Amino acid sequence: MTRYRLAFAITGAVAMLFPVYWMIVTAISSSADMRGPGLHLWPTSVRWENLTDPLSKFPYGMWAVNSVFIAVVAVVLTVVINLMAGYAFAKLRFPGRNVLFILIISTLMVPVQVVMVPQFHLVVDFGLIGSDWGVIVPRLAEAFGLFMARQFMMAIPDELIEAAQCDGSSQWRIFRTVVLPLCRPLIAVLVIFTFMWRWNEFAWPLIVLKDPESYTLQVGLLFLKNQYGQDYGSLMAMSLLSMIPMIIVFALFQRHFVEGMARSGIK
């Protein structure tokens, strides 16, 4: 039985990693290799120009900086908001708590495209159109992150909070010194998911950002597609580079990822 499980695991790993391998092969292949007959599992000649040409002709580095700024700031603010709101819904008692929580969670059923028009009007009214903050601010509060934070914190024993209250601690101090140290797995999950959503976000930055120099990587890749419509090697090389930050973030937080998912009630 163990042998079959190992074979199944290896087969699944190969199936999941093959698209990444194919991206690497395409990124360093020449046009002749890609358009030639047959399946080429490795290029006949490595073409590093697929990587260097777009980097030298377009502000790819600036797009990367814009994406990092938007993703990092959004992650910090969104995770803080989700943690504080999750603590309030899990441990504080106030009128209409359950009804308000259900209303917030029900927004998960609303397609993002439905709220884009009112969000755009708000961004215009606040003068944030064309700026990074116009991309960051409208989606700082995530219902999914709030749900995960509440489910995780409900598992924290109330006796710990009551003991801190008996010692005269305020709610803010309880949240900061008692609850947060227990939420490391939750924070890891929220960071990974929020960074992934913000890093891969395409439609909203495309609507808000107007100046090509303020583009994020995902919007910049669309710009490159228009310039390198038939040069799939260059497009794939740039796409491959855009995956690196996401891999780094997952590698940094993956140790707590499984525990956070399990303890947040996500099956």
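Leaving aside its neighbours within four places in sequence, which residues is S214 in contact with?

## Surroundings of S214

Apart from those neighbours, S214 is in contact (heavy atoms within 4.5 Å) with N66, G130, D132 and L209. The model is predicted, with local features needing pLDDT of at least 70 and side-chain atom pairs counting only at pLDDT 80 or more, while totals for chains, interfaces and linings use all residues. Residues are numbered from 1 along each chain as its sequence is written, and side-chain values use heavy atoms, with hydrogens and water left out.

S214 lies in the loop between helix 12 (203-208) and helix 13 (217-227), helices being DSSP runs of H or I with at least four residues, numbered from the N terminus. S214 counts as buried because its relative accessibility is 13%, the cut-off being under 20% with a 1.4 Å probe and protein chains only. A polar atom of its side chain lies 2.7 Å from the backbone oxygen of D211.

Beyond its neighbours within four places in sequence, M153 is in contact with residues including L83, Y87, F175, V179 and L186.

## W133 in helix 7

W133 is found in helix 7 (residues 132-136), and it counts as partly exposed because its relative accessibility is 39%, which falls between the 20% and 50% limits.

Definitions and conventions:
Helix = DSSP H or I, 4+ residues; strand = E, 2+ residues; numbered from the N terminus. Polar contact = N/O pair within 3.5 Å; in protein donor to acceptor, adjacent residues only side chain to side chain.
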